Amino acid sequence: MVQSSVLGFPRMGANRELKKATEAYWAGKATVESLLETGKTLRAAHWKIQKDAGVDLIPSNDFSFYDQVLDHILMFNAIPERYTKYNLPPLDVLFAMGRGLQKKETESSPAIDVTSLEMVKWFDSNYHYVRPTFQDNQEFKLNSTKPIDEFKEAKELGITTRPVILGPVSFLQLGKADRGQSVTPIDLLEKLLPVYEELLTKLAEAGAESVQIDEPVLVLDLPEATKKAFETAYSKLGKLSSAPKLVLATYFGDIVHNIDVIPSISHLYGLHIDLVRAPEQLSDVLKAIGDKQVLSVGVVDGRNIWKTNFSKAIGLVESAVHTIGAERVIVATSSSLLHTPHTLESEKNLDPEVADWFSFATEKCKEVVIIAKAVSDGAETVAEEIKSNAASVTARATSKRTNDAAVKDRQAKITEEMYNRKSPFPDRIAAQSKTLNLPKFPTTTIGSFPQTSEIRVQRNKFTKKQITAEEYEKFIEKEIDDVIAIQEEIGLDVLVHGEPERNDMVQYFGERLHGYVFTTNAWVQSYGSRCVRPPIIVGDISRPAAMTVKGSKYAQSKTKKPMKGMLTGPVTCLRWSFPRDDVHQSVQAEQLALALRDEVIDLEKAGIYVIQVDEPAIREGFPLRKGKERDDYLTWAVNSFKLATAGVENGTQIHSHFCYSDFQDMFSLISNLDADVLSIENSKSDAKLLNVFKKEEYPRHIGPGVYDIHSPRIPSYDEIKNRIEEMLQYLKPEQLWIDPDCGLKTRQWTETKPSLTNMVNAAKHFREKYA
Ligand code: MET
Ligand SMILES: [Zn+2]
């Protein structure tokens, strides 16, 4: 009998109840009891969904009030002293580590001011985890019984779950030494293992038959010491006298390059692999596992929203069964379903044609069960389901929404010269200085200006059809007038229209492109209480009409200074959407690039001679491992940006923007984009990071952010001046632009005006100095 399993379920709830409850607690509007109660209700609801679907192995401890890695930091007592010294209750310590804590002094307690631990992207997903930070004299102890409590909680509801814990090697490998410390995390393994032993023993005592132990780092390139750590860890944990059966779970890639680690985990009960991301690893893994071990095959995509192709998935499972027998195979989701929205049921406005192609977390639970049943009991026992699945798969593959011959035809006709600007940079910048006539140290902003509550109110009214399109447009024009007046008053050189019409930098474009659909409630957790609702790319992408030209043209008509056109780049549009799984991402990026290319050219025709194409997501698309996939990415990501931007005349200036500062490992990518001006984040990092531009003799212009836009603080004139001084150690005066770290949409006007005024004055200082 093939069993079915789910590796984790989204926590937020069908209507983001967890987000609302946590934020209410943070705001002091709800008690801790009510927050805990919400957690309990959600866990019960999510277990029930999986039980009702018929899932055999249902996860527990996949729930978290903030982040599962953070839960482990608390559980193993890897809490830096700065968070423990206030004697806060455990949940508040957890939140302080996750999001920082600032509290004024009261009669009974001192002032508190601690920043959060670092937050990092969870592999190549859009989820972010809290990074463990270790001390040189780090000790561990079992500080919480969360996995045990949640196992018992489910058991009381009559549901026997399989607790999920993060394995010791990944826990350490994903961490770092705390500031001022020099410990290499993996060296702490011996100290950490006794805590795992204690935890596993306690889980066994509570009645847990098996445990899912996640070791996702196995899909990465690992240093030798880390590979060895698997041997050390699992020879111990696999041989405990009383412990649950351990299934070691890997996801988001193949583990073939680490296959020599498999013998060291061969005394564990089982291994899980991701066959959605890396189906070709199956035969190698089957060869490598011992003759007893169970293999959990992830065939239902935990990272995307498409219906599983049953016939393909069943084929994969059957080939595993064929080699090792049904008793040793588990059908599973590829990863936790954390990265998928809660249920398709909530989508009332989706076109039924495309809704039929989707499967969210709740629906995916049913899919694993059906696939397991088809393999165990024969396809005829689920004939109806298989038939309707095949119909959906065919409908999607053959739909006009999926395939647009005109788009494919245009892709086939892309020529080499479409990737390159007409002339090299020196000629371009000469032409641009004529068109734009900018001073030295030109000042600009990254695009958005404060999204006031008034803007949100009007947008809402427009969405709900309470005001007409004309009324809304008038309102937006008035906003544009205002931000132009403010920018002129401050004395900025290259102006922006402020992006008041944009709810989100990807959604705005998706809504204007063919090939995209939008959901109303398909939220996924990004970090903490924060959720995003990615648009879905359903088919070949094209641009039916200009998207931003009217607004930019309007803005340019209101000022004599150059107005910057603002677009979101092809890779960012792709990465911040649910992509198609039937064509390679490079194909989708190329289609987006062609659509944007037309927009760029139309902007130029409309008299916009500075155009910024933002690519903040280009780095996160970087494949996890060295090798062909990464090399290919470097090519197609760069090509799609160039395809989007290279169609303009020399005198038109192309900008791009990235919200990070460390380019050491991706300098060639950034450089190959051939953008005339790059604006990057820099204010919070060491200015030394700019040295790479000096070392590599980067020839074009750069605007490293001179102040942090995430904070309400107003940077002083001197502070900005000093910062620029520092930058000039690495960049030539004639290549330096002066701008903030990123867009200003989350800021207030009361902070924005004085900050930008100080920035412009600082730029003037250098203009005089270098005159
Ligand atoms: C995340 S990057 C944001 C860039 C965008 N143009 C803005 O200013 O908001
Ligand atoms: Zn940014």
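1. Asp-614 is found in strand S20. The model under review is a predicted one. Within it, Asp-614 has 24 other C-beta atoms within 10 Å and is therefore buried. Leaving aside residues up to four places away in sequence, Asp-614 touches Met-505, Thr-568, Gly-569, Thr-572, Ser-656 and His-657.

2. Strand S20 comprises residues 610-614 and is joined to S19 by 5 bridges, the two strands running parallel. One pairing can be named: the bridge partner of Leu-567 is Val-613 in S20.

3. To which sheet do these strands belong, and in what order do its strands lie? The sheet is open and consists of 5 strands in the order S19-S20-S21-S22-S23, with parallel pairing. Its edges are strand S19 (564-568) and strand S23 (701-704), each of which pairs on one side only. On average, and with direction ignored, neighbouring strands of this sheet are turned by 20 degrees against each other.

4. An unreviewed UniProt entry lists Ile-446, Gly-447, Ser-448 and Asp-614 under "binding site". These positions are spread over 169 residues of sequence, yet they cluster in space, the largest C-alpha distance being 11.8 Å.

5. Ser-448, another of the positions listed in that UniProt entry, lies in the loop between helix H16 (425-436) and helix H17 (453-463). Is Ser-448 buried or exposed? It counts as buried, because 22 C-beta neighbours lie inside 10 Å, and the cut-off for a buried residue is 20 or more. Residues up to four places away in sequence again not being counted, Ser-448 touches Gly-498, Glu-499, Gly-743, Leu-744 and Lys-745.

6. The buried residues in H16 are Arg-428, Ile-429 and Gln-432. Seen down the axis of H16, these buried residues fall within an arc of 95 degrees, so they line one face of the helix. The face turned away from that buried side carries the exposed residues Pro-426, Ala-430, Ser-433 and Lys-434.

7. What covers the buried residues of H16? The cover includes strand S21 (653-658), and S21 is also a member of the sheet of 5 strands described above. After H16 comes Asn-437, whose phi is positive, near 55 degrees.

8. Ala-675 is found in the loop between helix H24 (667-672) and strand S22 (677-680). With 25 C-beta neighbours inside 10 Å, Ala-675 counts as buried. Its contacts, apart from residues up to four places away in sequence, are Ile-654, His-655, Ser-656 and Arg-700. Ser-656 is also among the residues that Asp-614 touches. Ala-675 and Ser-116 are 559 residues apart in sequence and 35 Å apart in space, C-alpha to C-alpha.

9. Helix H27 (residues 749-769) has 21 residues and reaches 30 Å from its first C-alpha to its last, close to the 30 Å expected at 1.5 Å a residue. Which residues of H27 are buried? They are Thr-752, Ser-755, Leu-756, Asn-758, Met-759, Ala-762 and Ala-763. Because they cover an arc of only 160 degrees around the axis, they are on the same side of H27. Thr-750 and Glu-768, on the other side of H27, are exposed. The cover over the buried residues of H27 includes helix H18 (469-490) and helix H26 (717-727).

10. A further open sheet has 8 strands in the order S1-S14-S13-S12-S11-S10-S8-S2, with parallel pairing. Strand S1 (3-5) and strand S2 (58-60) are its edge strands, each pairing on one side only. From one strand to the next the twist averages 30 degrees.

11. Gln-3 stands opposite Ile-330 in S14. Helix H11 (residues 310-324) packs on the sheet, where it touches strand S13 (294-300) and S14. The direction of H11 makes about 170 degrees with that of S13.

Technical notes:
Residues are numbered from 1 along each chain as its sequence is written. Chains are lettered from A and ligands numbered from 1 in the order in which they are written. This is a predicted model: local features need pLDDT of at least 70, side-chain atom pairs count only at pLDDT 80 or more; totals for chains, interfaces and linings use all residues. Helices (H or I, at least four residues) and strands (E, at least two) are DSSP runs, numbered from the N terminus. The expected span of a helix is 1.5 Å times one less than its number of residues. A residue is buried if 20 or more other C-beta atoms lie within 10 Å of its own, exposed if 12 or fewer, and partly exposed in between; C-beta atoms are placed from the backbone. The arc is that of the directions from the helix axis to the C-beta atoms. Two residues are in contact if their C-beta atoms, placed from the backbone, lie within 7 Å. Two strands pair if DSSP finds at least two bridges between them. Axes are lines fitted to C-alpha atoms, for helices over the stretch in contact, and angles run from 0 to 180 degrees between N-to-C directions. UniProt positions are given in the numbering used here, feature names are shortened, and annotations may be inferred rather than shown by experiment.
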